[in-house]
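Q: I am new to this structure. Please show me how to read its features, one at a time.

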Amino acid sequence: MRIRIVDAFTDRPFAGNPAGVLLLDAFPADDWLQRVALEVNHAETAFAHRLPDGGDADWALRWFTPSTEVALCGHATLATAHVLRTTGAHEGTVRFATRGGLLRATPADDGSITLDFPTAPLTSVAIPDGLAEALGAQPLTACDTGPDIGDLVVELADERTVVGLAPDLRALGAASERGIIATARAQDPARGYDFVSRCFFPNIGIDEDPVTGSAHTALAPYWSERLGGTVLTGLQASPRSGRVRTELRGERTLLTGRAVTVVDGELLA
C-alpha cells in the first residue's frame with residue numbers, strides 16, 4: 001500500500017510538522033496500526049478509509065503517535081486532506097469521522113486547506129506546583145483545555161521567553177494529561193503573526209511537537225479574548241516552525257494552512 005510523509009502547516013519541504021498518511025480499504029487491527037506509527041516515528045501517522053455514500057462523513061480517520069492513539073490531531077488531518085486533494089481521491093470539502101467528532105477540511109484555490117475543528121473549552125486553573133521549575137520560566141496564567149485536548153495552556157512573559165525554553169521534559173510530564181502549550185504575545189505583530197507557542201507532549205512520546213493544529217483550537221479563544229480579534233495567526237516557534245491561521249467561530253475554530261508531500265512510497269509489511 002502507498003505511504004506518504006507530508007509536511008503540514010508549511011509551504012516548503014522539511015518545515016512544519018511531518019505526518020505519515022495511509023489510505024486504506026478498512027482499518028486493520030489496532031496493534032498493526034500502532035506498529036506502523038512507531039515505524040514512521042513522526043508525531044502522528046494518519047490512517048483513513050472511505051465510507052459508504054450517503055452518510056454524515058466521507059472518510060473515517062484515526063491518528064497514532066509512536067506510542068498511542070490520540071483523540072484529535074490537526075496537522076495529520078491537514079496532511080490527509082492534502083493527500084486526498086492532490087491524488088484526486090476526494091474533491092471539495094471532505095468530512096472525517098473521528099474520535100474527536102465530525103471534522104471538515106476545505107481546500108481553497110490558492111492551495112491552502114481550512115480545517116473545521118471544535119473549539120477547546122478553556123478553564124482557568126492554578127499553576128501546578130513545580131511547573132515553573134520544569135519549564136525554566138514562570139507562567140503568568142494557566143488554562144485547562146478539556147478532555148479532548150488534555151493540555152495545559154500557560155502564558156509566559158514574552159516571545160523571547162517562549163523561544164528560549166529548554167524544559168525538563170520528565171518533570172513537565174507531571175503537569176498535565178498530555179502536555180504543555182507555552183505561549184506569549186508576538187513581540188512585533190507586523191512580522192505577520194499575533195502570538196507564538198511551543199508544545200511539549202512527553203506523556204505521549206513527543207518531546208516537542210513542531211506545529212500543533214489541535215493546540216490552536218485552544219490558543220484561538222485564549223488570544224482572541226486578549227487581543228480582541230476573531231481572526232489571528234499563530235507562529236509555533238519550534239526548530240521546524242510553522243504558521244496557523246485561526247478563526248474563532250464560537251464552538252468551532254477554523255485552522256488554515258498548507259502542506260507539502262515529501263515522501264511517496266510503498267509499505268511492504
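Q: Which residue stands opposite Thr 114 in S8?
A: Thr 106 does. Two strands pair if DSSP finds at least two bridges between them. Here S7 (residues 101–107) and S8 (residues 113–118) pair over 4 bridges, in the antiparallel sense.

Q: What should I know about the model and its numbering?
A: The model is predicted: local features need pLDDT of at least 70, side-chain atom pairs count only at pLDDT 80 or more, and totals for chains, interfaces and linings use all residues. Residues are numbered from 1 along each chain as its sequence is written, and side-chain values use heavy atoms, with hydrogens and water left out.

Q: How many residues lie between the strands in the hairpin of S7 and S8?
A: There are 5 residues between them. In this hairpin Gly 111 takes a positive phi near 95 degrees.

Q: To which strand do 6 bridges join S8?
A: To S17 (residues 252–257). S8 and S17 run antiparallel. Across this pairing, Pro 118 stands opposite Arg 252 in S17.

Q: How do side chains sit in a regular strand?
A: They alternate between the two faces of the sheet.

Q: How many helices and strands does the chain have?
A: Helices (H or I, at least four residues) and strands (E, at least two) are DSSP runs, numbered from the N terminus. The chain has 6 helices and 18 strands. Its radius of gyration is 18 Å, close to the 18 Å that the globule rule gives for 269 residues, so the chain is as compact as a globular protein of that length. That radius is taken over C-alpha atoms, and the rule is 2.2 Å times the number of residues to the power 0.38.

Q: What share of the 269 residues is buried?
A: Buried means under 20% relative accessible area, exposed over 50%, partly exposed in between (1.4 Å probe, protein chains only). Buried residues make up 56% of the chain.

Q: Where is Phe 9 found, and is Phe 9 buried or exposed?
A: Phe 9 is in the loop between S1 (2–8) and S2 (17–24). Phe 9 counts as buried because its relative accessibility is 2%. Its phi is near 60 degrees, a positive value in a residue other than glycine.

Q: Is Phe 14 buried or exposed?
A: Phe 14 is exposed, with a relative accessible area of 67%. Phe 14 is found in the loop between S1 and S2. Its phi is positive, about 65 degrees, although Phe 14 is not a glycine.
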